[in-house]
Amino acid sequence: MLAKFFPVILLVISNIFMMFAWYGHLKFTDKPLYAVIFFSWMIALAEYCLAVPANRLGHQYYSAAELKTIQEVITLCVFMVFSVMYLGEGVTLNHLVGFGFIAVGAFFIFKGPF
C-alpha cells in the first residue's frame, strides 16, 4: 500500500523544487535574466530527477490522466503555500473558488466512467 503513495510523495517534493525554479527568482529582480535562467534550469533538473521516476512508478497504480491530475492538485497546494510563505502574497476568495472548481474536475477524473 505504501508503494502506491511513494509516487505522490515524490511528486510533492518535485513540485517544491519546481516552485523555486519557476517563481523563486521573482525575489531577485536585481539579478540578470541569464543568471536566473541558469539557476532555474539547475533547480528544474533536480525536479525532473524526482518527477520522472514518480510518473514511471506511479503509472503502475494510476492512469496517465490520474497522474496528471494528482500532479496538478499538488502543484496548486504547493503554490498556495509557496506564494504565502516565500513570496508574501495572499490567497483571495477568488483563488479559493478557482481552485475549488479544479478540485471538482479532479473528483470527476477519479470518479470513474459514468
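Isoleucine 74 touches Val8, Leu11, Val12 and Asn15, with residues up to four places away in sequence left out of the count; contact here means heavy atoms within 4.5 Å. Both isoleucine 74 and Leu11 belong to the largest nonpolar core, which has 12 residues: Leu10, Leu11, Met19, Leu50, Ala54, Tyr62, Leu67, Ile70, Ile74, Val78, Phe82 and Leu87. A nonpolar core is a set of buried Ala, Val, Leu, Ile, Met, Phe, Trp, Tyr and Cys residues joined through side-chain atoms within 4.5 Å. Buried denotes under 20% relative accessible area, exposed over 50%, and partly exposed the range in between (1.4 Å probe, protein chains only). Helix 1, helix 2 (33-58) and helix 3 each give two or more residues to this core, and the largest share, five residues, comes from helix 3. In soluble globular proteins, nonpolar side chains tend to be buried together.

The model is predicted: local features need pLDDT of at least 70 and side-chain atom pairs count only at pLDDT 80 or more, whereas totals for chains, interfaces and linings use all residues. Residues are numbered from 1 along each chain as its sequence is written, and side-chain values use heavy atoms, with hydrogens and water left out.

The protein chain contains four helices and zero strands, in the order α-α-α-α along the sequence. Helices (H or I, at least four residues) and strands (E, at least two) are DSSP runs numbered from the N terminus. The C-alpha trace spans about 50 × 35 × 20 Å along its principal axes. Of the 114 residues, 28% count as buried. Among contacts between residues at least 6 apart in sequence, 76% join residues at least 24 apart.

Helix 1 has 22 residues and reaches 31 Å from its first C-alpha to its last, close to the 32 Å expected at 1.5 Å a residue; the expected span is 1.5 Å times one less than the number of residues. Its buried residues are Pro7, Leu10, Leu11, Ser14, Asn15, Met18, Met19 and Ala21, and they pack against helix 2 and helix 3. Proline 7, in helix 1 (residues 2-23), has a relative accessibility of 0% and therefore counts as buried. Beyond its neighbours within four places in sequence, proline 7 is in contact with Ala54, Leu57 and Gly58. Proline 7 and proline 53 are 46 residues apart in sequence, while their C-alpha atoms are 7.6 Å apart in space.

On the surface, Val81, Val84, Met85, Val91, Leu93, Leu96, Val97 and Phe101 form a nonpolar patch with about 810 Å² of accessible area together. Helix 3 (64-85) and helix 4 (93-111) each give two or more residues to the patch, and helix 4 provides the largest share, four residues. Patches are made of residues with over 30% relative accessible area and no salt bridge, like charges being joined within 9 Å and nonpolar side chains (Val, Leu, Ile, Met, Phe, Trp, Tyr) within 5 Å. Accessible areas come from the Shrake-Rupley method with a 1.4 Å probe, and for residues only the protein chains shown count as cover. Leucine 93, in helix 4, is exposed, with a relative accessible area of 62%.

The structure holds two salt bridges, each defined as a side-chain nitrogen of Lys or Arg within 4 Å of a carboxyl oxygen of Asp or Glu. Lysine 68 pairs with glutamate 72, the closest N and O atoms being 2.8 Å apart; both lie in helix 3, four residues apart. Aspartate 30 and lysine 31 meet through their side chains at 4.0 Å, N to O.
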